[in-house]
Amino acid sequence: MSKRMMIDDVRDQYAGVAKGALSNESTAVRSIASAFGYSQDELNQLPAEANMGLSCGNPLALAGIREGEVVVDLGCGGGMDVFLAARSVGSAGRVIGIDMTTEMLERARAGQQKLGLTNVEFHQSTIDKLPLPDNSVDCVISNCVINLVSDKLAVFREILRVLKPAGRVALSDIALKQELPSEVKQSVEAYVGCISGAVLIEEYRSLLEQAGFGSVVVTDTGADLNAYAMASDSGCCGGACDSEGKSLHDGLASVMQSFDANAYAASVRVHALKQASTGSVNTIPVLNVQPISKEKTMKTVQVYDKPMCCSTGVCGPDVDPVLPKFAADLDWLKNQGHNVERYNLAQQPQAFIENKEIHHLLSTAGTDCLPVVAVDGEIVSQTVYPSREDLAGWVAGVPAKQLLPVAKPSGGCCGTSGCC
Ligand SMILES: C[S@@+](CC[C@H](N)C(=O)[O-])C[C@H]1O[C@@H](n2cnc3c(N)ncnc32)[C@H](O)[C@@H]1O
């Protein structure tokens, strides 16, 4: 199948989905979205046309979107992630939805009108050539779309181009655990159904790195791809009828019956950062911190984390959105020339014992004092992850606020986290 035919097939099939009856008012459609990480509260905020049960994750759970940011959603469909992100960026921010399919954008604009959102805009384009200026976006999100594009490297390069320095990408997508059986690989239904255009998890990571991204994390969420079957006659990338009324899912359902989708494919969560250019000035508006030029101004920032599954805590099924944002802020510090050391109680307990102050804090306050951040050995914060503005201030010599003692929880040494 040629590249042109594939993109035309995808556009035709999704135009059919958009013209069909699937909506956020259908229990089946809502259960698909819930299975892939949306809360009832999030779903209740959406207009009917926004959700067609086409997602394969919830990229907002990882994006850590902040007020005032510019966010772009690639392949926005009916606009569900755009509308949810619009609440987080507020009136000072902007969310831009991009999709190539006219009928999808019609749905999205109808939903925007219902919600009366003025901080949202939609543009028609393929995602390998974005109608956006260089260095203009804080965060790019996308949900179950990049698998549908044959030239993924071109998409990743385009994302990198539009992101501001230190900008981030937070994606939900399908990737492969192992090569697909050849009959599935050849199937048009499996392609438009978001399966056979997917690449191996390792290749996904490597394409992002090839495009120039840093801190790339690709994680299998473990979500059951058969969730789509919960809704009879509906499902991701397949839960709808084309213009002739034939369910797109019919084709995908028969492909899914022929093999165990969960053994070959996974719903993945992807997070990556555009490097802040070395020597660039601080991109935070709050403090005008100049880049480090002399070795003596370089600080060592130490972070002592609660027990986590990995060094940054962004690999589990339920990622606290603060964690990828904090990891991005630490990368930013490194790019400014500072030393960053990060210790996780589950993986490097020795570091907690060897540092006398941390050891003392832990023995008096328990693990509730974590995370603790120290700059050049002086503890500057405890119990919460500080903002980038705070970090920038501390390394520039702004004194930390006086720290309040953390009460040792009664009933044991482990605190509420229950680990020691
Ligand atoms: C599986 S749906 C996901 C829609 C939406 N992200 C959601 O979660 O509801 C895929 C969407 O991507 C769009 N799409 C697919 N390939 C595209 C491309 N190359 N450029 C732009 N949009 C594309 C389709 O039109 C469709 O709306």
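Q: How many Å separate a backbone N or O atom of Asn-143 from a nitrogen atom of the ligand?
A: A polar contact is a pair of N or O atoms within 3.5 Å; within protein, one must be able to donate a hydrogen and the other to accept it, and residues adjacent in sequence count only if both atoms are side-chain atoms. Here the distance for Asn-143 is 3.0 Å. This is a predicted model, in which local features need pLDDT of at least 70, side-chain atom pairs count only at pLDDT 80 or more, and totals for chains, interfaces and linings use all residues. Residues are numbered from 1 along each chain as its sequence is written, and side-chain values use heavy atoms, with hydrogens and water left out.

Q: Which residues are the closest to the ligand?
A: A residue is near a molecule or strand if one of its heavy atoms lies within 4 Å of it. The ligand is surrounded by 20 residues, of which Gly-75, Asp-99, Thr-101, Ile-127 and Asn-143 are the closest. A polar backbone atom of Ile-127 is 3.1 Å from a ligand nitrogen atom. For a backbone N or O atom of Met-100, the distance to a nitrogen atom of the ligand is 3.3 Å.

Q: How many residues of strand S5 are buried?
A: Helices (H or I, at least four residues) and strands (E, at least two) are DSSP runs, numbered from the N terminus. Buried means under 20% relative accessible area, exposed over 50%, and partly exposed in between (1.4 Å probe, protein chains only). Strand S5, residues 163-176, has twelve of its 14 residues buried.

Q: What unit do S4, helix H7 and S5 make?
A: A crossover is right-handed if, with the strands pointing away from the viewer, the path from the first strand over the helix to the second runs clockwise. S4, H7 (residues 152-162) and S5 form a right-handed β-α-β unit.

Q: Which residues of helix H5 are buried?
A: H5 spans residues 80-89, and eight of its ten residues are buried. They are Met-80, Asp-81, Val-82, Phe-83, Leu-84, Ala-85, Ala-86 and Val-89. Gly-90 follows H5 and has a positive phi, near 70°.

Q: Where does Cys-194, with its positive phi, lie?
A: Most residues other than glycine have a negative phi, and most peptide bonds are trans. Cys-194 has a phi near 75° and sits in the loop between helix H9 (188-192) and helix H10 (201-211). Cys-194 is buried, at 0% relative accessible area. Asp-376 also has a positive phi, of about 50°, in the loop between S10 and strand S11 (378-382). Asp-376 is partly exposed, at 47%.

Q: Which peptide bond is cis?
A: The bond from Leu-370 to Pro-371 is cis, with omega near 0°. Pro-371 belongs to the loop between helix H15 (356-365) and strand S10 (372-375).

Q: What is the mean pLDDT of the protein?
A: pLDDT is the predictor's confidence in each residue, from 0 to 100. The mean is 84, and 83% of the residues reach 70 or more. Over residues 234-246 the pLDDT is below 50, and the model gives this stretch 50 contacts beyond near neighbours in sequence. Contact means heavy atoms within 4.5 Å.
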